[in-house]
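Please look over the model below before reading on. These notes are meant for someone who has not seen it before.

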Amino acid sequence: MGRLSRLLPAALAVACAPAWAVEIDGRIDADEWAGAQRITDFRKVQPLTGEPGSLSTEAWVLATPEGLAVAFRNLQPPHVPLSRQKLQRDFDEQVDRVNVFIDFDGDGRTGYAFTVSASGGIADEIITNQNDFNSDWDGQWQHAVSEDADGWSVEVLIPWHTAPMRDGPEGMRTLKVFLARVIGSTGERMAWPVASFERPRFLSDFAPITVQAYSQSLLAVTPYASGLYDNVRTGSDFNAGVDVFWKPSSRFQLAATVNPDFGQVESDDLVVNFSATETFISDKRPFFTENQGIFEFTTPSDFSQLLYTRRVGSTGDIDAAVKFNGSLGRANYGVFAAEEDGPTGRSYQALRLVRDFETQNLGAMLTRVDDPFRGREATVLGVDHNWRPTQRWNVRSRLIGSRIAQGGDTVQDLGATLWADYEMDDGWRQQWIAMHFGHDLELNDFGYLSRASTNYLHWEVRKRFTDLPETSRNASVDWRWRVSTNHNDRGDKLNDRFRMSRQSQLRNGGSGDFQIDIESAGVNDQLLRGNGLVKLPENISATWEYERPREGNWAPEYGVELFSGGLAGNDRFGHAGWLGGTYFVSDAFRLNAEVIVIRRPDWLIWQGADRPDLIGTFDGRETRFNTGLDWTLDARQELRVKLQAIGIGARATGAWRFDPAGNPIAATDAVDDFNVRNLGFQVRYRYELAPLSYLYVVYARGGYARAPGSDGVDDALYDSLSLRDDEQLAVKLSYRFEL
């Protein structure tokens with residue numbers, strides 16, 4: 001009741017504030033902000049001490065017909081450096097910045113994060129599952145920064161059409177907000193209220209404010225045209241299409257696309273993957289990132305989710321796609337549909353429903369994929385429940401069922417997850433996770449599941465230390481201890497594991513992490529792709545890494561890893577090391593480079609479908625080289641150069657088959673040495689014509705080659721620079737018209 005009594009006057013102040021426009025120019029005019037809620041109680045949340053922030057910070061929040069306006073006044077004494085480097089959108093550099101996080105429905109399901117740096121750089125993200133951030137979304141909002149002798153100021157305006165939101169009673173609406181300021185030179189984050197994404201509950205701890213239920217309508221049409229010239233195949237291509245966004249009221253919005261262009265103006269990181277687990281790749285395509293939060297349905301398993309948008313367009317061009325979401329009372333809904341073109345094209349549909357209650361919310365999601373080419377129909381139904389019984393407890397549960405019909409056969413299975421977090425006193429916290437995925441559970445027609453056939457349990461204890469002496473190098477230290485066990489659905493033990501990790505925030509704004517894993521003997525049931533088990537001995541790994549923000553012209557990062565594994569277990573150890581950094585020629589121009597070196601002395605690689613029960617062991621060496629530059633020419637123009645090269649040299653050391661229990665049996669089959677070369681190179685120029693309207697000019701080249709023999713990893717890396725499987729020049733123009 002005490003916390004509520006403190007926040008109630010603030011909520012009423014915002015509710016009763018006069019409604020007039022605020023000019024977003026970075027200069028906080030007293031008359032413009034006269035009716036706003038004023039916030040001065042900024043306290044440290046990183047490190048999470050709850051003590052008053054070290055620098056004076058004030059904020060104002062004001063509801064206007066145009067949107068929610070927020071202003072910050074940040075005093076910056078001369079002895080505290082102020083970072084002024086220019087930044088690309090969705091930056092993650094450690095710089096002076098402010099954060100505005102908003103949960104428009106106040107139900108703890110979806111939040112929107114808006115960040116502005118002292119130099120005017122911006123980032124925006126969607127927050128789901130309390131503390132999962134996704135930067136793929138780009139919203140349209142106003143911001144401005146000004147600087148004077150005493151500090152710097154920020155003004156932000158978040159339009160009401162940013163997200164669908166429920167109506168409130170009697171023309172009022174209760175939002176939840178979190179405001180923060182970060183000092184770039186130390187990493188200190190001070191915020192109101194005291195909430196932290198390092199806790200299992202973040203969105204639910206935002207502060208409620210009650211405002212007038214303004215509503216905005218918006219119709220935005222974004223046509224595009226793109227041309228591509230392929231210098232390898234000596235051909236050209238032209239495409240045109242349109243994206244439409246319509247929000248007639250606060251309760252409903254629709255996004256549609258016709259003949260979308262998903263050309264690569266954003267390059268994915270290179271990956272060479274010999275494992276049986278598919279690599280997860282995030283999606284930056286505008287249609288799929290626009291208000292996607294309603295469709296988030298994840299599990300504790302790495303990246304697992306019911307709707308993985310990278311599936312759409314993977315088997316054919318997309319004719320059209322549409323999604324709409326909105327609210328009915330306290331219930332939210334979302335509908336998604338997409339059609340691929342061509343003989344292998346698929347149809348995708350998804351339906352999402354969510355209902356909010358006082359301390360919990362309940363949701364359901366149904367997905368369906370029709371694949372006529374393979375005669376396959378995949379249906380998945382999931383039910384999710386989030387429960388916050390007290391301020392200390394956060395409990396999340398998921399129940400999933402899949403049904404696959406193909407060739408006259410139907411296969412069904414279930415999965416379920418439960419994870420609970422308990423916040424204790426004095427920085428202690430406990431976590432329990434339980435997962436069951438049936439052997440025939442299948443999400444990968446529309447979703448992503450790293451593996452089925454899992455029965456997993458873990459218990460974790462954490463302790464955060466923040467009362468460190470001023471002479472300590474660390475501002476805070478977080479220790480974690482975890483024990484886990486994992487079996488497949490047939491009862492085979494995959495592993496038992498003990499993990500200990502230490503995460504530290506340094507007073508210079510950097511971070512240092514250490515982790516050690518001790519894993520029991522067990523079996524690998526995926527390496528042979530369903531053709532048997534591979535029994536593996538005990539293994540251990542230890543990792544240490546350090547990262548420091550910019551100091552002078554340099555921002556370094558480096559780390560090392562020591563690990564065992566393979567059939568040799570702890571008899572052979574491999575290692576990895578990486579060294580990288582950024583050199584700032586100026587605040588607007590920076591160069592970056594990173595070298596990663598990996599040695600795997602007992603690398604297990606499946607030998608393919610023609611010998612499905614055979615594993616080769618290799619002494620593998622890998623070198624990755626990443627480099628590039630970022631040049632912010634002015635507020636509208638940026639140039640990015642990105643080069644990634646991978647060289648792998650692998651010397652065969654043995655061949656193995658396995659008995660039914662998974663024990664290795666030496667084989668006489670020939671297994672060849674091999675080398676791999678991989679290259680990705682992109683030069684991208686972007687000019688912002690207007691908000692969310694861009695001209696791109698992109699040159700890209702790359703290739704992949706695997707060959708028998710081992711020329712050595714250095715030769716493979718060097719030779720990768722000559723790869724030219726693809727060489728393209730693309731130009732794309734898109735312009736957003738708001739009607």
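1. The model is predicted. The comments below should be read as a description of that prediction.

2. Is strand S8 mostly covered or mostly open? Strand S8, residues 122-128, is mostly covered, with seven of its seven residues buried.

3. In a regular strand, side chains alternate between the two faces of the sheet. In S8, Ile122, Asp124, Ile126 and Thr128 point one way, while Ala123, Glu125 and Ile127 point the other way. Residues on both sides are buried, and these include the acidic Asp124 and Glu125.

4. On one side of the pairing is strand S7 (residues 110-117), which runs antiparallel to S8 and is joined to it by seven bridges. Tyr112 has Ile126 of S8 as its bridge partner. The two strands make a hairpin with four residues between them. Gly120, in that turn, has a positive phi of about 95 degrees.

5. S8 also pairs with strand S9 (residues 132-134), again antiparallel, through three bridges. Here Ile127 stands opposite Phe133 of S9. S8 and S9 form a hairpin with three residues between them, and Asn129 in the turn has a positive phi of about 50 degrees.

6. Which residues form the negative surface patch? The patch consists of Asp237, Asp317, Asp319, Glu339 and Asp341. Of these, Asp341 sits in the loop between strand S19 (331-340) and strand S20 (347-356). Asp341 has a relative accessible area of 40%, so it counts as partly exposed.

How values were computed. Residues are numbered from 1 along each chain as its sequence is written. This is a predicted model: local features need pLDDT of at least 70, side-chain atom pairs count only at pLDDT 80 or more; totals for chains, interfaces and linings use all residues. Side-chain values use heavy atoms; hydrogens and water are left out. Buried means under 20% relative accessible area, exposed over 50%, partly exposed in between (1.4 Å probe, protein chains only). Two strands pair if DSSP finds at least two bridges between them. Patches are made of residues with over 30% relative accessible area and no salt bridge: like charges are joined within 9 Å, nonpolar side chains (Val, Leu, Ile, Met, Phe, Trp, Tyr) within 5 Å. Accessible areas come from the Shrake-Rupley method with a 1.4 Å probe; for residues, only the protein chains shown count as cover. A salt bridge is a side-chain nitrogen of Lys or Arg within 4 Å of a carboxyl oxygen of Asp or Glu. The place of a charge is taken as NZ of Lys, CZ of Arg, CG of Asp or CD of Glu.
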